[in-house]
Amino acid sequence: MDTHVLVVEDQQDIANLIRINLEMIGKKVTCCHNAKDAFQQLRDNVFQLILLDLNLPDMDGLDICKKIRINDAIVPIMILTARTEELDRVQGLEAGADDYLAKPFSVLELQARVKALLRRSNVQATNNIEPEQIRIADLIIDQATHSVYRNKKLITLTSTEFSLLAFLAKSPGRVYSREQLLAEVWDYHNDCYEHTVNSHMNRLRNKIEPNPAKPTYIKTVWGVGYKLEVNDVT
């Protein structure tokens, strides 16, 4: 099946630039220039990736991202925007985006980030590495079905949140630095994106922890990084 990418960008010249360069790496691309058309495309088609601008004429991109996440927790979303402040990046990630690329961007970086995001998503869809299930107290991480449960209740995670949790679960108790997590989970090799790790950890804790203010599963090792707690792992 061809990889189908939805580009939601109100500036037609930028949308065309993105389309041309993604088609060069073998992706099928559909472009639209406002929220109304984007939601219609999402109703009519199945996409493996969404590239979303924040400054759209009829709806803020953050609200679009949140609305997409209500109906689809899995499809990767990359935000493309001229908003470059760290708070803007954090808000985008907390709205449910998997990645955030500031304009103006390098075409080569765009292609690399798209490949990495799709590769991570594809690995999750086919991953059957043993053990298929890891249990931490009342938390179950099922790699075969790409599902997470707490007290037998399904927890809805985005593809990146699941990828991050599953990676930590492969080596419970091991501490990973933010740089290591960026390289292994996001396939980035630049520490300027460390806030990406922090934002996803906060979102993940808000979903899986009984009390996110006092996490019992994902622990911060100050000055080093993060680990998945080994207590009660079976």
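Me: What should I know about the numbering and the model before starting?
Reply: Residues are numbered from 1 along each chain as its sequence is written, and side-chain values use heavy atoms, with hydrogens and water left out. The model is predicted, so local features need pLDDT of at least 70 and side-chain atom pairs count only at pLDDT 80 or more, while totals for chains, interfaces and linings use all residues.

Me: Which residues does the "domain: Response regulatory" annotation cover?
Reply: UniProt positions are given in the numbering used here, with shortened feature names, and annotations may be inferred rather than shown by experiment. Here the unreviewed UniProt entry assigns that annotation to residues 4-118. The end C-alpha atoms of this span lie 11 Å apart, and the span is 47% helix and 21% strand. Helices (H or I, at least four residues) and strands (E, at least two) are DSSP runs, numbered from the N terminus.

Me: How do I read a helix, and is α6 mostly buried or exposed?
Reply: The expected span of a helix is 1.5 Å times one less than its number of residues. Helix α6, residues 159-170, has 12 residues and reaches 17 Å from its first C-alpha to its last, close to the expected 16 Å. For burial, the cut-offs are relative accessible area under 20% for buried, over 50% for exposed, and in between for partly exposed (1.4 Å probe, protein chains only). By that rule 11 of the 12 residues of α6 are buried, including Phe 162, Leu 165 and Phe 167.

Me: Which residues line the second largest pocket?
Reply: On a 1 Å grid over the protein atoms alone, a pocket is an open set of points where a 1.4 Å probe fits, with protein on both sides within 12 Å along at least five of seven lines; lining residues have an atom within 4 Å of a point. Grid points are joined across faces, edges and corners, and the volume is the space filled by probe spheres set on the points. This pocket holds about 220 Å³. Its lining includes Phe 39, Arg 43, Ile 68 and Asn 71, and α2 (35-44) and α3 (61-71) each supply at least two of the lining residues. The lining divides into 7 nonpolar, 2 polar and 3 charged residues. Asn 71 itself is found in helix α3 and counts as exposed at 69% relative accessibility.

Me: What joins Lys 103 and Pro 104?
Reply: Most peptide bonds are trans. Lys 103 and Pro 104, however, are joined by a cis peptide bond with omega of about -5°. Lys 103 sits in the loop between β5 (99-102) and α5 (107-126), and Pro 104 also has its place in the loop between β5 and α5. Lys 103 is buried, with a relative accessible area of 13%, and its side chain makes a polar contact of 3.2 Å with that of Asp 53. A polar contact is a pair of N or O atoms within 3.5 Å; within protein, one must be able to donate a hydrogen and the other to accept it, and residues adjacent in sequence count only if both atoms are side-chain atoms.

Me: Where is Asn 151 found?
Reply: Asn 151 is in the loop between β8 (147-150) and β9 (153-155). Most residues other than glycine have a negative phi. Asn 151 has a positive phi of about 55° although it is not a glycine. Lys 152, in the loop between β8 and β9, has a positive phi near 70° and counts as exposed at 79% relative accessibility.

Notes: Nonpolar A, V, L, I, M, F, W, Y, C, P; charged D, E, K, R; others polar.
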